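Okay, thanks everyone, let's get going.

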Amino acid sequence: MKFFIDTANIDQIKEAKDLGVLDGVTTNPSLMAKEGISGDKAVIKHYEKICNLVDGDVSAEVIATDFEGIIKEGIALSKLAPNIVVKVPMIKDGVKALKYFYDNDIRTNCTLVFSAGQAILAAKAGANYLSPFVGRIDDISWDGMQLVSEIAEIYAIQGFETEILAASIRSSKHIVEAAKAGADVVTCPLSAILGLLNHPLTDIGLEKFLADHAKAKAKK
Ligand code: G3P
């Protein structure tokens with residue numbers, strides 16, 4: 001399972017990269033706004049910065065919601081760097097655009113996916129990645145990870161090649177569950193990645209190893 005970081009924050013991207021486990025980055029308009037990035041030029045400059053920083057895929061989301069607008073924006077984004085993946089919302093014109101991008105060798109990530117039906121449609125249209133929003137489904141007291149399992153089962157039966165990118169991940173536990181549910185990629189906040197490190201028995205064990213080593217050294 002690939003690890004993407006779900007942020008537009010350069011320091012957090014650098015920290016995940018330094019850990020040696022980063023395979024890519026996903027962004028969205030809310031994450032860009034959170035970093036204070038607005039205006040076409042600033043957005044483009046920021047995407048270029050991220051693409052230069054990481055070798056893996058970087059999802060850059062279109063703002064347009066009509067077919068022509070999505071195509072225009074997607075083509076412009078795809079020209080920024082070879083690792084750009086155009087993020088397209090799961091709407092009617094978005095599905096049409098996914099097919100256009102597929103036919104024109106532009107890689108895509110279909111976002112805002114909340115049902116197996118939407119997942120089938122995106123795969124049929126040739127999306128490279130599919131982003132089911134796990135946390136937002138959990139937020140309304142449904143089971144987000146159950147959707148990831150269902151999509152994984154359908155894609156395996158049907159032989160769809162679209163990669164399942166579990167998104168809206170909120171915790172380290174979500175990452176483990178996404179791995180079990182058959183996600184190809186998980187995109188998460190840095191805190192969820194770093195949380196995987198934590199176990200009290202690791203801390204206690206390390207403390208004891210170091211104390212025993214120091215005792216043995218002092219005896220010499
Ligand atoms: O990138 C899309 C997704 O990961 C959003 O997550 O936490 O805003 O639901 P969240």
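So, what covers the buried residues of H5? The cover includes helix H4 (67–78), strand S4 (84–89), S5 and H6. Keep in mind that this is a predicted model. The residues being covered there are Gly94, Val95, Ala97, Leu98 and Phe101, which are buried in H5. They span an arc of only 160° around the axis, so they end up on the same side of H5. H5 itself runs over residues 92–103, twelve residues in total. From first C-alpha to last, H5 reaches 17 Å, close to the 16 Å expected at 1.5 Å a residue. Just past the end of H5 you'll find Asp105, with a positive phi of about 60°.

On to H8, residues 144–158. This helix has 15 residues, and its 21 Å reach from first C-alpha to last is close to the 21 Å expected at 1.5 Å a residue. Which residues of H8 are buried? Those are Gly144, Met145, Leu147, Val148, Ile151, Ala152 and Tyr155. Looking down the axis of H8, the buried residues fall within an arc of 150°, so they line one face of the helix. On the face turned away from that buried side, H8 carries the exposed residues Glu153 and Ile157.

And what do the buried residues of H8 pack against? The strands are S5 (108–113), S6 (129–132) and S7 (163–166), and the helices are H6 (116–124), H7 (134–139) and H9 (172–181).

At the start, a side-chain oxygen of Asp143 comes to within 3.2 Å of the backbone nitrogen of Met145. After the helix comes Gly159, and its phi is positive, near 70°.

Now the ligand. Around it sit Asp6, Asn28, Lys87, Phe133, Arg136, Ala167, Ser168 and Arg170. For three of those I can give you distances from a polar side-chain atom to an oxygen atom of the ligand. For Asp6 that's 2.4 Å, for Arg136 it's 2.6 Å, and for Asn28 it's 3.2 Å.

One of the residues around the ligand, Ser168, gets a moment to itself. Where is it? Ser168 is in the loop between S7 and H9. Is Ser168 buried or exposed? It counts as buried, because its relative accessible area is 10%, and the cut-off for buried is under 20%. The side chain of Ser168 makes a polar contact with the side chain of Arg170, at 3.3 Å. Leaving out residues up to four places away in sequence, Ser168 touches Phe133, Val134, Gly135, Arg136 and His174. Phe133 and Arg136 are also among the residues around the ligand.

Let me zoom out to finish. The protein has eleven helices and eight strands, and its C-alpha atoms fill a box of roughly 75 × 40 × 30 Å along the principal axes. Of the 220 residues, 47% are buried. Among contacts with a separation of 6 or more, 55% are between residues 24 or more positions apart. And the protein exposes about 11,900 Å², with carbon and sulfur atoms supplying 55% of it.

How values were computed: Residues numbered from 1 in each chain as written. Predicted model: local features only at pLDDT ≥ 70, side-chain atom pairs only at ≥ 80, totals over all residues. Heavy atoms only, no water. Helix = DSSP H or I, 4+ residues; strand = E, 2+ residues; numbered from the N terminus. Expected span 1.5 Å × (residues − 1). Buried < 20%, exposed > 50% of the residue type's maximum accessible area, 1.4 Å probe, protein only. Arc of directions from axis to C-beta. Contact = heavy atoms within 4.5 Å. Polar contact = N/O pair within 3.5 Å; in protein donor to acceptor, adjacent residues only side chain to side chain. Near = heavy atom within 4 Å. Areas by Shrake-Rupley, 256 points an atom, 1.4 Å probe, with all protein chains shown as cover.
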